[in-house]
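Here's a quick tour for anyone meeting this structure for the first time. Have a look at it, and then we'll start from one side-chain contact.

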Amino acid sequence: MCVFAFAKVYSQTAQDSTKVYKKRVLESVEVDFLSSYYTQDGDNAAVSGGIGTEELTDVTGTFVVSIPLNDDDVLTIDAGVSAYTSASSSNVGPFDGGGDADPFQASSGASSSDLWANLTGSYSHSSDDRNDIWSAKLSVSSEYDYFSVGVGGSYTKLFNEKNTEVSVNGNVYIDTWNAIYPTELRPFGEGGNGLSNRLFTQNTITGNTNYAPIFTEFADEGRNSYSLGFGFSQILHKNVQGSLALDFVQQQGLLSTPFQRVYFGDIADSFIENFQLADAIERLPDSRFKVAAGGRLNWYLNENFTVRTFYRYYYDDWGITSHTASIEVPIKITDKFTIYPSYRFYNQTAADYFRPYEGALSTDEFYTSDYDLSEYSANQFGFGVSYTDIFAKAHIWKLGLKSIDLKFYQYDRDTTFSSSIITAGFKFVMD
């Protein structure tokens, strides 16, 4: 009886010790501020049927706050705003300015600028031995013509002394368009007055004066996306780690962009002044299935050099296949500073429904002149620098500055499209 009592007390003491000295998943509140400035240009704007400027600038700001609820649970709030101005998207409504407004000025048209906002909340729970991690998230995002709600979750299992990791994740997004159509097509929608509309009576149509676009409004403005992903990670050597990922995405609903024009090769062109009137809008199937499979290999060479490599193969039932390969070489300059040179190559085939300007025919069922769905190759060069202070000596109010990350990427396609982005990230920990 005494032996049993001693064993019971010893067992209870051991459990209490485990609870007392268990390392917290997150020691204190962390606050990340992320910002970016993005700019692009090109000659194949989808809004104007595959021709014209793709000029756009975008500024983004995001706050991510991670809050430890207890030893095992973390709540993360992610809130971001993105604001853009675009010379091409202003041509959704090139005549909306009224009066003598120039239809080619970036400031005209309701879609010359927009604001996107997102709020995501996620919750994660780790088991006592930190070998099981569950998470769930809820997100809401909105912009001028779009609203989205998303839910998701994941489960991660670590074993083999945490040298092996497997994971599964799933997400569902319910999206709703507030469809906006090109100005010249709106009079031909349901209840419209066609060529009797003020746009045509107060302006002279040149070229094909019998302007008769093929246009009907979309009956369903919803889109649902479902994703399922699997991950596997393995420490192969004390200096080498590899991982594999397999992702499936199914989309249903309105997958066409309502304001992207198409010009047919078998219909004569119509103009108001020097602006070509649309023959139709982009029409794409209402379902799309995507598969992506990829892997990473990270090699720690020594205390100064690490090599990170990545490859992914992508396929979808619209006819696109693509290959992505990248390499990044973090170089530790001092205890606090690391630089990140990187390179990424991308190549894809064209979607079955892609046609360049005036390449589609009026008898086609589906068509788009969006060069994101064309055949192209792209190169991206990047360079970054990070500053890390694990002791967070620098302070702003009660927040200690833990790290700063600055990165620049230059992206170039062989379709005249190019872009550049500067990103900055600041991580703080609360005292």
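The side chains of glutamine 260 and glutamate 282 are joined by a polar contact of 2.8 Å (a pair of N or O atoms within 3.5 Å, where one must be able to donate a hydrogen and the other to accept it; residues adjacent in sequence count only if both atoms are side-chain atoms). Keep in mind that this is a predicted model, where local features need pLDDT of at least 70, side-chain atom pairs count only at pLDDT 80 or more, and totals for chains, interfaces and linings use all residues. Residues are numbered from 1 along each chain as its sequence is written, and side-chain values use heavy atoms, with hydrogens and water left out.

**Around glutamine 260**
- Glutamine 260 sits in the loop between strand 10 and strand 11 (261–262); strands here are DSSP runs (E, at least two residues), numbered from the N terminus.
- Glutamine 260 is buried, at a relative accessible area of 9% (buried means under 20%, exposed over 50%, partly exposed in between, with a 1.4 Å probe and protein chains only).
- Leaving out residues up to four places away in sequence, glutamine 260 touches Ala46, Val47, Ala280, Ile281, Glu282 and Asp370 (contact means heavy atoms within 4.5 Å).

**Strand pairing**
- Strand 9 (residues 222–237) pairs with strand 10 (residues 240–253) in the antiparallel sense over 14 bridges; pairing takes at least two DSSP bridges.
- A hairpin of 2 residues links strand 9 to strand 10.
- Strand 10 also runs antiparallel to strand 15, with 13 bridges.
- Glycine 242 is the bridge partner of glutamine 234, and glycine 242 stands opposite leucine 297 in strand 15.

Notes:
Helix = DSSP H or I, 4+ residues; strand = E, 2+ residues; numbered from the N terminus.
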